[in-house]
Amino acid sequence: RDPLRDYIQKCVYNDLGVLDHEALLFRLLKLPWDDLAIQEFLVRTILNSERVRFDALSSVAHLVTSLSRRHPGFGVRFVDDLVESIRFGLESPDRRRNQRLIAQVRLFGELCNCRFVDASLVF
């Protein structure tokens, strides 16, 4: 396993509830953003939102909004993958994905509250 990927998972899953999202933002901005594999891994890690505490999803939304201000491609990729994952979860009758689906819909709602995503995307 790559130590950088372990660090990203530790930051998102463990430190998000403990640290302020701005402190975590400065840590994540130090990542090598030139590497697309790291960006994709960060998107996938954040999209595993069922592993993040439910009350910390607003911090995740603020983190994504702040990261996308500095790296616009990250925000577009994240919202695209989030909407696609929600659509897949709604179309498949797999009950094992319900917790992930609820967390992702809540994350989408928090992104709407942060005015990062326009609500007309849904309606």
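This is a predicted model: local features need pLDDT of at least 70, side-chain atom pairs count only at pLDDT 80 or more; totals for chains, interfaces and linings use all residues.
**Entry 1: fold.** I began with the secondary structure and counted six helices and zero strands in the protein chain. Reading along the sequence gave me the pattern α-α-α-α-α-α. Next came the radius of gyration: 14 Å, close to the 14 Å from the globule rule for 123 residues, so the chain is as compact as a globular protein of that length. I also boxed the C-alpha atoms along the principal axes, and they fill roughly 40 × 30 × 25 Å.

Entry 2: Buried residues make up 41% of the 123 in the protein chain.

**Entry 3: surface and charge.** The protein chain exposes about 7300 Å², and I noted that carbon and sulfur atoms supply 52% of that area. For the charges, I found 18 positive and 17 negative side chains. The centres of these two sets lie 3 Å apart.

**Entry 4: T45.** T45 sits in helix α3, which covers residues 36–47. Is T45 buried or exposed? I got a relative accessible area of 2%, and since the cut-off for buried is under 20%, T45 counts as buried. Which residues does T45 touch, leaving aside those up to four places away in sequence? My list reads I8, Q9, V12 and Y13.

Conventions
Residues are numbered from 1 along each chain as its sequence is written. Side-chain values use heavy atoms; hydrogens and water are left out. Helices (H or I, at least four residues) and strands (E, at least two) are DSSP runs, numbered from the N terminus. The radius of gyration is taken over C-alpha atoms; the globule rule is 2.2 Å times the number of residues to the power 0.38. Buried means under 20% relative accessible area, exposed over 50%, partly exposed in between (1.4 Å probe, protein chains only). Accessible areas come from the Shrake-Rupley method with a 1.4 Å probe; for residues, only the protein chains shown count as cover. Lys and Arg count as positive and Asp and Glu as negative; His and the chain ends are not counted. The place of a charge is taken as NZ of Lys, CZ of Arg, CG of Asp or CD of Glu. Contact means heavy atoms within 4.5 Å.
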